[in-house]
Amino acid sequence: MAGPPHIPVLLDPILERCAPVSGTWIDGTFGAGGYAKGLLAAGADQVIGIDRDPSVLAEAANWAAEYGTALRLVEETFSALDTQADKPVAGVVLDLGVSSMQLDRPERGFSFLRDGPLDMRMGTGDLTAARLVGEADEAVLADILYHFGEERAARRIARAIVAERSKAPLDTTAALAALVERVLPRPKPGQSHPATRAFQALRIAVNDEFGQLVAGLEAAERALAPGGHLAVVSFHSLEDRVVKRFLQQRSGAGGAANRYAPALAEEEPRFDRVSKGIAADAAERDRNPRARSARLRIARRTAAAAGPVDRAKLGLPKYELTGTN
């Protein structure tokens, strides 16, 4: 089948550990359709592909019709994935973060390697990275950079942003990347670009990625049939930590927060964990550089009824998005 070039990360381990693949699956982060194609080829009867980015679905229209009713595309956030099937599904797969399709397009404003408008929206919301950088209080910017990017120089960068925007708008990726480069030391050989963490943090804030992630995990719990699989691929430690703690909590392995805290009341597990974090092997890392930082976690849904999640125990980064008009 024809389709846009894309290499889905850790697809083979998903198919191996979720075999036999059958029934209806939800691909909550459709992108270029690599997971959906792989699931259909492996035996899924239908894949419901969800993406919040309308341009993704418009591009997929060029080839998706070849699959007929086996592939249904929906413009929606994956936090609402449980509203898209009329009965419990056999599997849910989520590939978190920004897609290579979005990174490769300068007009989307995700990449510091390509000059373009400082946008970073995955969907059609009002908040852009340019607006955030241009309007947010210095303390808010520092919190975003620190909590979402783990940027140790968050206060220094935030201070520089506020000083620079008083002279001229920071509304392009090149302008912001250049500012961060001026503020931070020159990277040593093998280190990432100085703006990597700042761009990650702003992207996460603009798209409410952690709020979406937790809501999506909750929705997957509601959507899955007993025995159905949840597979989540994450690309940085903050995402992976949230997924790990969610699955620990929902599998009854949450335990006490520390040795002095009282033990948590036991609940019937909603998931059985199929695997700990799975990394790409050397062959996949060589074939697909995007796989180098990826971690896959898989769990199997039990027959226990879906229930409330204690979000306070998921280790979510916290900040208040105030100071924007």
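Modeller: Let me start with how the elements are named: helices, of at least four residues, and strands, of at least two, are DSSP runs numbered from the N terminus. Please keep in mind throughout that this is a predicted model. With that numbering, Ala195 falls in the loop between helix 8 (173–183) and helix 9 (196–207).

Biologist: Does Ala195 count as buried or exposed?

Modeller: A residue is called buried when its relative accessible area is under 20%. Ala195 has a relative accessibility of 0%, and therefore it counts as buried.

Biologist: Which residues does Ala195 touch, once those up to four places away in sequence are set aside?

Modeller: Ala195 touches Phe112, Ala177 and Val180. Of these, Phe112 is 83 residues from Ala195 along the chain, yet the C-alpha atoms of the two are separated by 7.1 Å.

Biologist: Turning to the sheet, in what order do the strands lie?

Modeller: The seven strands form an open sheet in the order 3-2-1-4-5-7-6, and the pairing is mixed. Strand 3 (71–75) and strand 6 (271–273) are the edge strands, each of which pairs on one side only. From one strand to the next, the twist averages 20°.

Biologist: Which helix packs on the sheet, touching strand 1 (24–27) and strand 2 (46–51)?

Modeller: That is helix 2 (residues 34–42), which also touches strand 3, strand 4 and strand 5, and whose direction makes about 175° with that of strand 2. Helix 10 (residues 209–223), for its part, lies across strand 4, strand 5, strand 6 and strand 7 (295–301), and runs at about 155° to strand 5.

Biologist: How many bridges join strand 4 to its partners, strand 1 and strand 5?

Modeller: Strand 1 and strand 4 run parallel and are joined by three bridges, with Val93 in strand 4 as the bridge partner of Asp27. Strand 4 (residues 89–95) also pairs with strand 5 (residues 224–234) in the parallel sense, over six bridges. There, Val92 stands opposite Leu230, while Asp95 has Val233 of strand 5 as its bridge partner.

Biologist: And how many residues of strand 4 are buried?

Modeller: As a general idea, side chains in a regular strand alternate between the two faces of the sheet. In this case strand 4 is mostly covered, with six of its seven residues buried.

Note on methods. Residues are numbered from 1 along each chain as its sequence is written. This is a predicted model: local features need pLDDT of at least 70, side-chain atom pairs count only at pLDDT 80 or more; totals for chains, interfaces and linings use all residues. Side-chain values use heavy atoms; hydrogens and water are left out. Two strands pair if DSSP finds at least two bridges between them. Axes are lines fitted to C-alpha atoms, for helices over the stretch in contact, and angles run from 0 to 180 degrees between N-to-C directions. Contact means heavy atoms within 4.5 Å. Buried means under 20% relative accessible area, exposed over 50%, partly exposed in between (1.4 Å probe, protein chains only).
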